[in-house]
Amino acid sequence: MNGPFQTEQQPTVNAMPVELEVLAPPPLLLPGETREHYQALRQAIFADLAPRSAIEWLLAIDIAELSWEIQRYRCLRHQLLETQRQQAIAAVLRRIDLVGIAPESEDEAEFYILQNALSWRRDPTVASEIEARLSSYGFDQHAINVEVHAQARELFILFEGLLNAAQTKRILLLREIRNQRYFDGPKPRSSAASMLRA
């Protein structure tokens, strides 16, 4: 993930009821994700929501899972853009280096273009040199960003869809908790009822 989820104070919350722990199995973490980050996020959500009933606990567990997925999708989307940047550099280098080249030399030129793009990713000095060269041909960072998004458009749309779906589900679950509390809690008197009793 992006880093540890931190709060000002450690959230205090009643432990999840034992009978519900079976409904909150350990998370399936991807490489680079940690159980500590997951637990910190989950505990912060439980502290904010302060579940009062079994239904609210089940909803809170789902909200924590969705919140983790949202963080995951954001990180993966960011990594996607970084990875696609190397491919974008290669695409722009092709536009410069393959112009006017003999067809029999294209394979060798493609090999060097891919090597240069890889060197761009690994070596900051080479990256500066390549970016200066691209800039001299009118390909500034904005032009490269456009190429990155063009290269990543399908996957980017996929991640946007996943993010939007998870965020929508989370909002619905939060509303459900609010509705549960409204219908289970004391009902406010209407002004008409108050007037009748006066």
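How many aromatic pairs does the count come to? The count comes to four aromatic pairs. The model is predicted.

**View 1. Overall fold of the protein chain.** The protein chain has seven helices and zero strands. Read from the N terminus, its elements run α-α-α-α-α-α-α. The chain holds 198 residues, and 29% of them are buried. Among contacts with a separation of 6 or more, 75% join residues 24 or more positions apart.

**View 2. Packing of helix H3 against helix H6.** Helix H3 spans residues 54–97, and helix H6 spans residues 141–184. Two packed helices are described by the angle between their axes and the distance between the axes. For H3 and H6 the angle is about 175°, and the axes lie 7 Å apart. Angles over 145 degrees count as roughly antiparallel. H3 and H6 are therefore roughly antiparallel to each other. Sorted by class, the contact of H3 with H6 has 26 nonpolar residues, nine polar ones and twelve charged ones.

**View 3. Aromatic pair of Tyr 38 and Trp 68.** Tyr 38 belongs to helix H2 (residues 35–49) and Trp 68 to helix H3, so the pair ties together parts that are 30 residues apart in sequence.

**View 4. Aromatic pair of Tyr 182 and Phe 183.** Tyr 182 and Phe 183 also form an edge-to-face pair. Here the centre-to-centre distance is 5.2 Å, and the planes stand at 80°. Tyr 182 is partly exposed, with a relative accessible area of 47%. Phe 183 counts as exposed, because its relative accessibility is 57% and the cut-off is 50%.

**View 5. The largest nonpolar core.** In soluble globular proteins, nonpolar side chains tend to be buried together. The largest nonpolar core contains 25 residues. Met 16, Ile 45, Phe 46, Leu 49 and Ile 63 touch the most other members. H2, H3 and H6 each supply at least two residues of this core. Which helix gives the most to this core? H3 does, with eleven residues. Leu 49 touches Ala 60, Ile 63, Leu 174, Ile 177 and Arg 181, leaving out residues up to four places away in sequence.

View 6. Ile 130 is found in helix H5, residues 124–136. At 10% relative accessibility, Ile 130 counts as buried. Which residues is Ile 130 in contact with, leaving aside its neighbours within four places in sequence? They are Ile 89, Leu 93, Asn 116 and Trp 120. Ile 89 is 41 residues from Ile 130 along the chain, yet 8.7 Å separates their C-alpha atoms.

Definitions and conventions: Residues are numbered from 1 along each chain as its sequence is written. This is a predicted model: local features need pLDDT of at least 70, side-chain atom pairs count only at pLDDT 80 or more; totals for chains, interfaces and linings use all residues. Side-chain values use heavy atoms; hydrogens and water are left out. Axes are lines fitted to C-alpha atoms, for helices over the stretch in contact, and angles run from 0 to 180 degrees between N-to-C directions. Helices (H or I, at least four residues) and strands (E, at least two) are DSSP runs, numbered from the N terminus. Angles under 35 degrees count as roughly parallel, over 145 as roughly antiparallel, 65 to 115 as roughly perpendicular and the rest as oblique. Ala, Val, Leu, Ile, Met, Phe, Trp, Tyr, Cys and Pro count as nonpolar, Asp, Glu, Lys and Arg as charged, and the others, Gly among them, as polar. Rings of Phe, Tyr and Trp (its six-membered ring) pair if their centres lie within 6.5 Å; planes under 30 degrees apart count as stacked, over 60 as edge-to-face and the rest as tilted. Buried means under 20% relative accessible area, exposed over 50%, partly exposed in between (1.4 Å probe, protein chains only). Contact means heavy atoms within 4.5 Å. A nonpolar core is a set of buried Ala, Val, Leu, Ile, Met, Phe, Trp, Tyr and Cys residues joined through side-chain atoms within 4.5 Å.
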